[in-house]
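Hi,

Here is the structure I promised to pass on to you. Have a look at it first, then read my notes below.

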Amino acid sequence: MGFEVLLKGSNMSRLLVGLAVALRISMISVAISIVLGVILGSLMTLKNPVIKVVSKIYLEFIRIMPQMVLLFLVFFGTTKALGINMSADTASIIVFSLWGTAEMSDLVRGALSGIPKIQYESSFSLGMTTAQTYIHVIIPQIIRRMLPLSINLVTRMIKTTSLVMMIGIVEVLKVGQQIIEANRKSSPNAAFGVYATIFILYFLVCWPISILSKYLEKKWES
Amino acid sequence: MDLDVLISYFPKYVEAFFLTVRVGVIGIGIAFLMGIISAFIVYFKVPILSFIFSAYIELFRNTPLLVQLFFIYFGLPKLGISISAEVCGVVGIGLLGGSYMAEGFRSGLSAVPGSQNEGALALGMTKSQMFFNVIFPEAFSLSVPAIVANVIFLLKETSVFSAISLMDLMFTAKDLIGLYYNTTEALFLLVVFYVVMILPVSIVGNMVEKRVHYKMFGV
């Protein structure tokens, strides 16, 4: 079936290292997206027309452009058009942060604008200061609304980073291809075993995270 | 940017555009059917089948399309199951999309309040009347936002087809960049064609969402 090729030498650990490469990119991008997303999302709740138009165009562009196109635009497009020469690593982190920030800011905006005005008014009438209102009333509610969805974003980020192999980063799929090529003679069925293993590996990474997100969503729903 | 280059590339992109749309539309159709069937089976807790379909939903929701396509296109032929790139694309989008659609329908079904069941039964409806005339229409309109989001997501995911050498928009752009090195023109056309493909879907989707919301809640 082609699984035996993974037991040869350090093949399995090479696959795992490849997976770690993809996960590292997604984790860095998630961290950047959360910070920038919270800032942009808060800005979007202000009623400033310039911010509104700019963020609307940005969100819509990211919403309709496939991540693969964005990768090509940043990796090949900037090199040719602007003369900037960046590594594939940097390009993919920029692209996934741009995408993640758009998604995250939309979540933050939704959570913020979903909090009724009465919450602020009651807090003020109880004598709370603005800082106290945010720390004790608004932010805890926002976190409850956003956390399950942002955890979901993490799994989507991990799944999307599999695309980085298309701009030449050696991650798990690329390593898999190399293993299959190297063992073409000795185990001709390696493609099945290797790709099935990668399939399962991705599942094992994303499944627990999506269960956590579902659990939190249920727990905080009531 | 060179206008002559743009004009000479244009027909290639048009061809790729129609291939992408064709595979996308057929795939999304299959995804829709798969989604409804899986959601029904899981909702009615059909023995054995509901376990199989839940496993399918979790498995495909938690893996990237690229990995799925590699498995189907390069892995399965080793077991003697060999399909063309185009069929592989349709199957990939269908299976991936099916799991997402199922999740959308499932959350719609679970969002219909229990009082609707009781109300329908109290009016003397049979179980099947209750489901098809009351529960399902409500659940369907509740899932419209998820369906719209999924359709856009799946259309975007078609860009991954280029990895299995299906001559879609992405593949055409990559090919032209490799052949003639007119990166700016190739990427510009790529962006334009994706906007032409997905922006209308996004706009119509928003309108449908608003309309359904209005019909349900009156605001």
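Let's start with I81(B): its relative accessibility is 45%, so this residue counts as partly exposed. Keep in mind that this is a predicted model. You'll find I81(B) in the loop between α3 (65-75) and α4 (85-111) of chain B. I81(B) is also part of a nonpolar surface patch of about 570 Å², together with M1(A), F3(A), L79(B), I83(B), V87(B) and V91(B).

Next, the salt bridges. Side chains of opposite charge can pair when their charged atoms come close. Over all chains, the structure holds nine salt bridges, and I picked out a few for you.

One of them joins E103(B) and K214(A), at 3.3 Å from N to O. This pair crosses between chains: E103(B) sits in helix α4 of chain B, and K214(A) in helix α8 (residues 190-221) of chain A. Are these two buried or exposed? E103(B) has 11% relative accessibility, and the cut-off for buried is under 20%, so E103(B) counts as buried. K214(A), with a relative accessible area of 34%, is partly exposed.

E103(B) also forms a salt bridge with R106(B), where the closest N and O atoms are 3.1 Å apart. Both belong to helix α4 of chain B, and because they are three residues apart there, about one helical turn separates them. R106(B) is partly exposed, with a relative accessible area of 33%.

Last stop: the second largest pocket, with a volume of about 190 Å³. Which elements give two or more residues to its lining? They are α1 (3-43) and α7 (169-180) of chain B, and the largest share, five residues, comes from α7(B). Among the lining residues are K12(B), E15(B), F171(B), T172(B) and D175(B). By class, the lining has six nonpolar, one polar and three charged residues.

Key. Residues numbered from 1 in each chain as written. Chains lettered and ligands numbered in written order. Predicted model: local features only at pLDDT ≥ 70, side-chain atom pairs only at ≥ 80, totals over all residues. Heavy atoms only, no water. Patch = residues over 30% accessible without salt bridge, like charges linked within 9 Å, V, L, I, M, F, W, Y side chains within 5 Å. Areas by Shrake-Rupley, 256 points an atom, 1.4 Å probe, with all protein chains shown as cover. Salt bridge = Lys/Arg side-chain N within 4 Å of Asp/Glu carboxyl O. Helix = DSSP H or I, 4+ residues; strand = E, 2+ residues; numbered from the N terminus. Buried < 20%, exposed > 50% of the residue type's maximum accessible area, 1.4 Å probe, protein only. 1 Å grid on protein atoms, 1.4 Å probe; cavity = no way out; pocket = protein on both sides within 12 Å on 5 of 7 lines; lining within 4 Å. Points joined across faces, edges and corners; volume = space filled by probe spheres on them. Nonpolar A, V, L, I, M, F, W, Y, C, P; charged D, E, K, R; others polar.
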